[in-house]
Amino acid sequence: MKKLILAAAFVFAFAGQSQAAQTELATFQTIKQIDAGPLNVGYVDEGPANGPVVVLLHGWPYDIHSYVDVVPMLTKAGYRVIVPHLRGYGTTRFRDPNAVRNGEPAALAADTVALMDALKIDKAILAGYDWGARTADIVAALWPQRVKGLVSVSGYLIGSQEAGKNPLPPSAEQQWWYQFYFATERGRIGYEKNHRDFAKLIWQTASPQWRFDDKTFDRSAAALENPDHAAITVHNYRWRLGLAQGEAQYEALEARLATFPAITVPTITMEGDANGAPHPDPASYAKRFTGKYKHQLISGGVGHNLPQEAPRAFADAVIAVDHF
């Protein structure tokens, strides 16, 4: 009888361990580092070294784990996939400790080109959402020779400080409440102090039907502990309102972006049917894409973090744009 009880206990314990193993979150096993432009960039590099390259760019306040399910789908299809921590996230650091903690859009786009240069990648498919989509849009608009195809959640997100001066209808202004919060010193201090809780609130409001658990959030929130994260976030949103200066080396790029240049590379834009974050109507930006173009609405309660909420649809879009 005692042996039976011990055996049963062993089976129960083993089953419990197996169940725990099955519920462990996927993560990236190896984060590489490379000097690229002003940064030492932390990045994922998976898939065949000689495969066609895809660069996946995450948004705010998320991290590279938005693509943790997308990456194996793409590597299985033969792609080499690069997923960098943007400036202010994860293990990415400024090489010069005195560098301006600049979050202006042209700087993030230049970071992407510098990373491609450092990795000796001549041309890649770029894909992203939120800040990542804006960055991918800018690279496609200003360096089209480096972009084989583009997947952009929420479409054409290129803007300018001049455009940012234009007031929106009250309901739209309300959606941007955090931008006005960051414009204040209270907001800067508040975000530095409460960035984890702040990020969780954004996740909940931007994806109201996404039932992520604490482990999923914590896995990404760790990237927000980067010492430059709060400064870059606040600078980005203040820059958009014309409340912060950019850097001289990006002025010419920002001037070109202020003309709202067309994107000529093959493009698929996407939108979730439950995106709770501010986003433009697809009809308002379709004409900005002058190459082969398609828009996809992803149904099923999909919110702002589309790659993590609907990884199969996102991976399929990357593969599809490669064959446009």
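Q: What percentage of the 324 residues in the chain is buried?
A: The model is a predicted one. Buried here means under 20% relative accessible area. Of the 324 residues in the chain, the buried share is 52%.

Q: What radius of gyration does the chain have, and why does it agree with a compact globule?
A: For 324 residues, a compact globule would have a radius of gyration near 20 Å. The value for the chain agrees with this, because it is 21 Å.

Q: Which percentage of contacts between residues at least 6 apart in sequence joins residues at least 24 apart?
A: A contact means heavy atoms within 4.5 Å. Among contacts in the chain that link residues at least 6 apart in sequence, the share joining residues at least 24 apart is 79%.

Q: How many helices and strands does the chain have, and in which helix is glutamine 179 found?
A: The chain has 14 helices and nine strands. Glutamine 179 lies in the helix that spans residues 177-182, namely α7.

Q: Is glutamine 179 buried or exposed?
A: The relative accessible area of glutamine 179 is 9%. Buried means under 20%, and exposed means over 50%. Glutamine 179 is therefore buried.

Q: Which residues is glutamine 179 in contact with, leaving aside its neighbours within four places in sequence?
A: Glutamine 179 is in helix α7. With neighbours within four places in sequence left aside, the contacts of glutamine 179 are Tyr237, Arg240 and Leu241.

Q: How far apart are the mean positions of the positive and negative charges of the chain?
A: The chain has 31 positive and 32 negative charges. The distance between their mean positions is 4 Å.

Terms used. Residues are numbered from 1 along each chain as its sequence is written. This is a predicted model: local features need pLDDT of at least 70, side-chain atom pairs count only at pLDDT 80 or more; totals for chains, interfaces and linings use all residues. Side-chain values use heavy atoms; hydrogens and water are left out. Helices (H or I, at least four residues) and strands (E, at least two) are DSSP runs, numbered from the N terminus. The radius of gyration is taken over C-alpha atoms; the globule rule is 2.2 Å times the number of residues to the power 0.38. Buried means under 20% relative accessible area, exposed over 50%, partly exposed in between (1.4 Å probe, protein chains only). Lys and Arg count as positive and Asp and Glu as negative; His and the chain ends are not counted. The place of a charge is taken as NZ of Lys, CZ of Arg, CG of Asp or CD of Glu.
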